[in-house]
Amino acid sequence: MSNKIILSVENLSKKYQDFDSEILALDNINFNLLDKEFISIIGPSGCGKSTLLSILSLIDKDYTGNVIYKNNLKVGYMLQTDSLFPWKNVLDNCLLGLKIKHIDNEENVEYVKELLRKYGLEDFMYKYPNNLSGGMRQRVALIRTLALKPDILLLDEPLSALDSQSRLSIGKDIFNIIKNEGKTAIMVTHDLNEALNVSDRVILLSKRPGVIKKIYDIPFKNINFSNRKLEDKYSILLDEIWRDLDVNNIS
Ligand code: ADP
């Protein structure tokens, strides 16, 4: 991680129009994202986490404030469900984005095959998604996102469809892939352990309208995924975030 800011979010607010009323979903959000940083966004259900991510992905342009990416950086978006096409094999699923953009040249195809080999999917390249475990499917979905060589990954609860055991091992895989490939990431999650295991910083949003309630700088961010839980500060921070989340006060 460097000190270079690659994304600035300034005074970002978002309203939805709902029949006869307006719903303020996000209110005056401000933060910077550093190169190769991993930020998690947490907060109660309905606080605007997915809204924030879809604004950052540039899918939703209906907001006030500024979202400024430095130097035309490429953004990749990974959704909650893997949304793989069951009639396409693993490799073809991963090549889909490249084909749509007409950049499925030899070099890019080889890059995707290399990722599949590197991350334990070599023997599954020509298999179909229904022959894969949930965790493998998530890895395929991540590689499909990486195929377009994004600089920043936006991950919307990428592990939420997995059982708790797979979440841990796939969480570790996904963390390692993102770190190995030198990517910057913003992940929405409702799982505090997941956030503490992968992040450099965690942003807590309040209940709606989502405002930034607190930003935690993770003191053990230089420690690997699996070893973070062993840190004394881990459970202290987990308790602190639980308290700040104020689950008894979520309507
Ligand atoms: P989260 O991801 O934190 O659960 P969302 O970003 O999905 O929250 O939603 C934030 C708030 O905005 C919610 O309270 C929801 O009711 C409202 N909202 C989301 N999408 C729409 C929409 N298309 N129209 C009206 N209100 C919406």
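**Reading the sheet and the ligand site**

Modeller: Gladly! This is a predicted model. Begin with the strand order: six strands make an open sheet, running β5-β6-β7-β3-β8-β9, with mixed pairing. At the edges are β5 (75-78) and β9 (212-217), each of which pairs on one side only. Direction ignored, neighbouring strands of this sheet are turned by 15° against each other on average.

Colleague: In which sense do β6 and β7 pair?

Modeller: To read a pair, look at its sense and its bridges. Strand β6 (residues 152-156) pairs with strand β7 (residues 184-188) in the parallel sense, over five bridges. As a landmark, find leucine 154, which stands opposite isoleucine 186 in β7.

Colleague: Which strands does α1 lie across?

Modeller: For a helix on a sheet, look at the strands it crosses and its angle. α1 lies across β3 (38-42), β5, β6, β7 and β8 (201-205), at about 150° to β6. Helix α4 (residues 134-146) lies across β5 and β6, at about 160° to β5.

Colleague: Which element supplies the largest share of the shell around the ligand?

Modeller: That is α1, with three residues. By class, the shell has five nonpolar, five polar and two charged residues. Among the residues around the ligand are Tyr16, Ile23, Lys49, Thr51 and Arg208.

Colleague: How far is a ligand oxygen from the side chain of threonine 51?

Modeller: A ligand oxygen is 2.5 Å from an N or O atom in that side chain. For arginine 208, the corresponding side-chain distance is 3.0 Å. Taken alone, the ligand exposes 560 Å², and the protein buries 64% of that.

Technical notes:
Residues are numbered from 1 along each chain as its sequence is written. This is a predicted model: local features need pLDDT of at least 70, side-chain atom pairs count only at pLDDT 80 or more; totals for chains, interfaces and linings use all residues. Side-chain values use heavy atoms; hydrogens and water are left out. A residue is near a molecule or strand if one of its heavy atoms lies within 4 Å of it. A polar contact is a pair of N or O atoms within 3.5 Å; within protein, one must be able to donate a hydrogen and the other to accept it, and residues adjacent in sequence count only if both atoms are side-chain atoms. Accessible areas come from the Shrake-Rupley method with a 1.4 Å probe; for residues, only the protein chains shown count as cover. Helices (H or I, at least four residues) and strands (E, at least two) are DSSP runs, numbered from the N terminus. Ala, Val, Leu, Ile, Met, Phe, Trp, Tyr, Cys and Pro count as nonpolar, Asp, Glu, Lys and Arg as charged, and the others, Gly among them, as polar. Two strands pair if DSSP finds at least two bridges between them. Axes are lines fitted to C-alpha atoms, for helices over the stretch in contact, and angles run from 0 to 180 degrees between N-to-C directions. Contact means heavy atoms within 4.5 Å.
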